[in-house]
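Here is a short note for a colleague, with the points numbered so that each can be checked against the model in turn.

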Number of protein chains: 2
Amino acid sequence: MLRLRPDVAEPSAAARAKALTLLGRRLGASKVLTDADACERYSSDESEAAPRVPDAVVLAENENDILTALAVAREAEVPLTPRAGGTGRTGGAVPVAGGIVLVVTGMNEIKEIDRRERIAVVQPGVILTDLHAAVEKEGLFYPPDPNSLVGCCLAGNVAENAGGPRAFKYGVTREYVLGLEAMLMGGQRIRAGKRTAKGVTGYDVTATLVGSEGTLGVFGDITLRLIPKPESVMTLMVLFDDVHQSGRCVGEMIAAGLVPRCIELLDSATLQAMRDAGNAINPAAGAMLLIDVDGDERTCEKQAERVAGVCDDVGALEVLVAQDAAQRDRLWAARREMSVAVRRLAKHKLAEDVVVPRRRVPELLDRVYRCAEEQGVRSLTYGHAGDGNLHCNFLWNDDDELPRVDAAIEQLFRDVIDLGGTLTGEHGVGVLKAPYLPLEQSAELIALQRDIKRVFDPQGLLNPGKIFPTSGHGPC
Amino acid sequence: MLRLRPDVAEPSAAARAKALTLLGRRLGASKVLTDADACERYSSDESEAAPRVPDAVVLAENENDILTALAVAREAEVPLTPRAGGTGRTGGAVPVAGGIVLVVTGMNEIKEIDRRERIAVVQPGVILTDLHAAVEKEGLFYPPDPNSLVGCCLAGNVAENAGGPRAFKYGVTREYVLGLEAMLMGGQRIRAGKRTAKGVTGYDVTATLVGSEGTLGVFGDITLRLIPKPESVMTLMVLFDDVHQSGRCVGEMIAAGLVPRCIELLDSATLQAMRDAGNAINPAAGAMLLIDVDGDERTCEKQAERVAGVCDDVGALEVLVAQDAAQRDRLWAARREMSVAVRRLAKHKLAEDVVVPRRRVPELLDRVYRCAEEQGVRSLTYGHAGDGNLHCNFLWNDDDELPRVDAAIEQLFRDVIDLGGTLTGEHGVGVLKAPYLPLEQSAELIALQRDIKRVFDPQGLLNPGKIFPTSGHGPC
């Protein structure tokens, strides 16, 4: 399924040839892949964005390799797209105009975990789940937990400002990045930020780089803040009549001052997909919340009790408290596998990662259902209800359904903005949402960001076609 | 005491006259002050930076007034310095090249506190302590608590990325700013960020503005994240032989996974100043930690117990747990008044707000004591030991001591960088630290920030002379 190839200037044949020559000369064949099979493997990510085969793939082993690749792109004037785990959901790692893909997965050393400073220093290609395991062995905790955690890398997490269920209590990646090394298109190797808990010297260049989707710089070492690992976690599975009831429940939990680790919502269509996959779920249930609480054992128990109390008060159908770690894992495995399970329901799926003020989640869902029905498009929604961050999935099999899917998606985005929300909570804008950016942001704010982009990348060669709308696409 | 007037281009007499004419015409006499007394009142902040009387003071009542003042500055080509509470400690609100001071304290409405979304929307001139009171009445909590909280405004807190003791557990202002309205020199009125818990659309322009010290834009409405108010707080006062013992204690607390709300350090000279002011403190004590723990009542008690246990284990001289709110308030009042009390010890005082990795606090203090002794300068230090963020005070009476004070300060900054730290944890760079910026940041990183500044303020008229070094000053 090819979608949304942005109008980005393509490098000339001469420029591409020059780039290949320079890469070969400066990095050597072991670090530069140009054969068709290898290039093909780096043509897409885990989104529905149209693949594009790059001219060359650089496997960086260190910061100098990164600087060399950037210099070649600059000198030859070819685009360069940085890539870490390649698990992105909006096409951020797709080299939409060809050129060089710069892969940092080989730089995967956890360089330091310091219990007394509560920091970790990692190379950009460290896989998130490896970091989790390493810091938890030291009694520490790195909260961000996007669904892709077994394959995504820290560089990608930082580039997209990744979240995950635990963001409800602990915030997203930006809350944990103290400092960053970044290689820029101009050849600079800058160290932004700090290794200390506090630090306000100069502008927050680190924060400007976090969430910049690979368009401002290529990351080297990343310094992360860690927190103590919570002693215990308890999981509750709660069934409701419908999303309105679950929405009231979320509102009451917040109003009561409760701070669960996560509050995950599964809507009626999602529950049906789970039933179809063989899970026994009360047929009366039209919505589910999966709720984790954490802390020391007693705090956990007390919080679980209070959460269960709120659920009872709003008239939940069933409240199940996981009795042991195994039961907990089973509940979460089902949630984690949801994304894959949904993909099996139809040939194609687009998961739109939107956010609305949390009290407006049911209202948004009503609108989504109505619109999907009008368009005759199959949809199902799950996500991080505590944050108002939903993953609305649209499913289709035949390309002739696509105009209706596109109409449903555009209506979703318009509804999200109308309800005071934002187009993306954790997946980023990438290729797929770039045409819709003007729905959320003013022309002046977009122009300002383009100017910031030019400061970092005057030639516009670093990951072109991302974030900002290019002419001729979408509604804007 | 005049210190560090930066070399900044002064506006011509014609430009100043034009600005006054335009301000009078567009804003009217009630919003524009030009008499000598009024201008004098806006010539300085709470730092030792040299005062400079502006040509005019604009008292903004709304965003249009801000845009008008910015347009006048742009058209007449005169500098404009935004000002909120004027409580800054590094000269950020001093109009070092004259021109217009733009005061936002009249825009002081708390526009919204939403318990279910846990957000507040405030105008830029809301006083911090007023926000604290308003949100706590709703069972919510806004953690940042700089010492100036009865006089400082949210706009200044955001501009400086203010911290305070509670930052140890809860982080600094940037962790709580979801979105910002900002008026720019080009006449744009941008809405950056979001009202939702999550949101990663585009670059994090909000984070770029937070901590930009009034050099990138003038803030309108600020949208803040709130958290539930902790049920209880307990305070421990712990006395140690010396800062090395207190440093070991901090390290052990961190290693044990404890997260007190704050860990404040008072060094030997500070304790002596407290004794001199009539406080009865064990004469054997060479350092004090003031520690708050919070949470529900039982969590508090358990944490206090564990903290006390760690203190005993490292051999603390005395561990006092405040028995009631009154005792708690007395302990904290002494800490809060420290800054004022220290000012009474000598005619002049410079409080340098530096950060080192927390385990290196004792090492930094040893270096400070040695250097102060060598230079014959009186020093005392207190601050946020949990964050490694210290306020090193240098005291003097006669101007002929100043070269030695300057030498001690420069040595302090060099030591801080040598120990892996940063020049400022919460006060900002402003005028006073601008000459030292190159000690911490590379020429490339500074050049990049100057380029970002130019995107927001191409003529260099917004709060000139701040953050970046100007020629002819300091060691760099």
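1. For the angle quoted for a helix in this note, axes are lines fitted to C-alpha atoms, for helices over the stretch in contact, and angles run from 0 to 180 degrees between N-to-C directions. The coordinates discussed here are those of a predicted model.

2. In chain B, helix H4 (residues 128-137) lies across E5, E6 and E10, and the helix runs at about 35 degrees to E5(B).

3. The strands named above belong to an open sheet of 5 strands in chain B, which has the order E5-E6-E10-E8-E9 and antiparallel pairing. Strand E5 (110-114) and strand E9 (189-193) of chain B each have a single partner strand, so one side of each is left without a neighbour in the sheet. On average, and with direction ignored, neighbouring strands of this sheet are turned by 10 degrees against each other.

4. Within that sheet, strand E6 (residues 119-122) and strand E10 (residues 218-225) of chain B pair in the antiparallel sense over 4 bridges, and Leu224(B) in E10(B) is the bridge partner of Ala120(B).

5. Turning to chain A, Ile110(A) is found in strand E5 (residues 110-114) and counts as partly exposed because its relative accessibility is 27%. Leaving aside residues up to four places away in sequence, Ile110(A) touches Val121(A), Val122(A), Val126(A), Asp130(A), Leu131(A) and Ala134(A).

Methods:
Residues numbered from 1 in each chain as written. Chains lettered and ligands numbered in written order. Predicted model: local features only at pLDDT ≥ 70, side-chain atom pairs only at ≥ 80, totals over all residues. Heavy atoms only, no water. Pairing = 2+ DSSP bridges. Helix = DSSP H or I, 4+ residues; strand = E, 2+ residues; numbered from the N terminus. Contact = heavy atoms within 4.5 Å. Buried < 20%, exposed > 50% of the residue type's maximum accessible area, 1.4 Å probe, protein only.
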